Amino acid sequence: MAARVGLTTERLVRAGAELADDVGFDQVTASALARRFDVKVASLYSHLKNSQDLKTRIALLALEELADRVAAAVAGRAGKDALAAFADVYRDYAREHPGRYAAAQLRLDPQTAAASAGVRHAQMTRAILRGYDLPEPDQTHAVRLLGSVFHGYISLEMGGGFSHSAPDTQETWSRVLDALDALLRNWPAPGTPPSRHPQTADARP
């Protein structure tokens, strides 16, 4: 079959990534990909081990694409500008490629993760945080905070969680980035007690 002759691992992975954007990453299987090329599943197995191998390769592709976009966006920027550029890349990529964005969240085994572009993501995140003079272990806490806020907001927004109320989600996104910038510039020291209203303090005997 002519279609089979042109099959390569790269072509299959890119087609799998497109399939993920079309039907959702969870629905990507070797069988679904074979149907897209009008070939038998067995025709894919000289290029892919199984459906999990396909998903892992799509995840690696997504991480690479995201890392390239982030690197281009944050080049020459620092502080709030770098933070906003970094965050916007993730949000825009998720909107443009929802299936690939989901793939980028796939849990990889330690060896695969260490060789992936996920390392570049971590390095670029830390480079931004160094601009805020955050030492360790606070830098690691901040990495986790940013990842949680970005992914949480993007996931809720894409799921329609903010679609039935004002203001516009772009306005909220901008305010979230303002708040993160303020927090990073005024990172609390370990064990800092919450501030109390002056009247509350005065009322104590």
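I counted as a salt bridge a side-chain nitrogen of Lys or Arg within 4 Å of a carboxyl oxygen of Asp or Glu. This is a predicted model, where local features need pLDDT of at least 70, side-chain atom pairs count only at pLDDT 80 or more, and totals for chains, interfaces and linings use all residues. Residues are numbered from 1 along each chain as its sequence is written, and side-chain values use heavy atoms, with hydrogens and water left out.

Entry one, salt bridges. I searched the whole structure and found 15 salt bridges. D178 pairs with R175 at 3.3 Å, N to O. Both lie in helix α10, 3 residues apart (helices, H or I, at least four residues, and strands, E, at least two, are DSSP runs numbered from the N terminus).

Entry two, R100. Its side chain meets that of D21 in a salt bridge of 3.1 Å, N to O. R100 is in helix α6 and D21 in helix α2, so the pair ties together parts 79 residues apart in sequence. I noted R100 and D21 as buried (buried is under 20% relative accessible area, exposed over 50%, partly exposed in between; 1.4 Å probe, protein chains only).

I found E10, R14, D21, E65 and R100 linked by salt bridges. E65 lies in helix α4, residues 51–74, and counts as buried at 17% relative accessibility.
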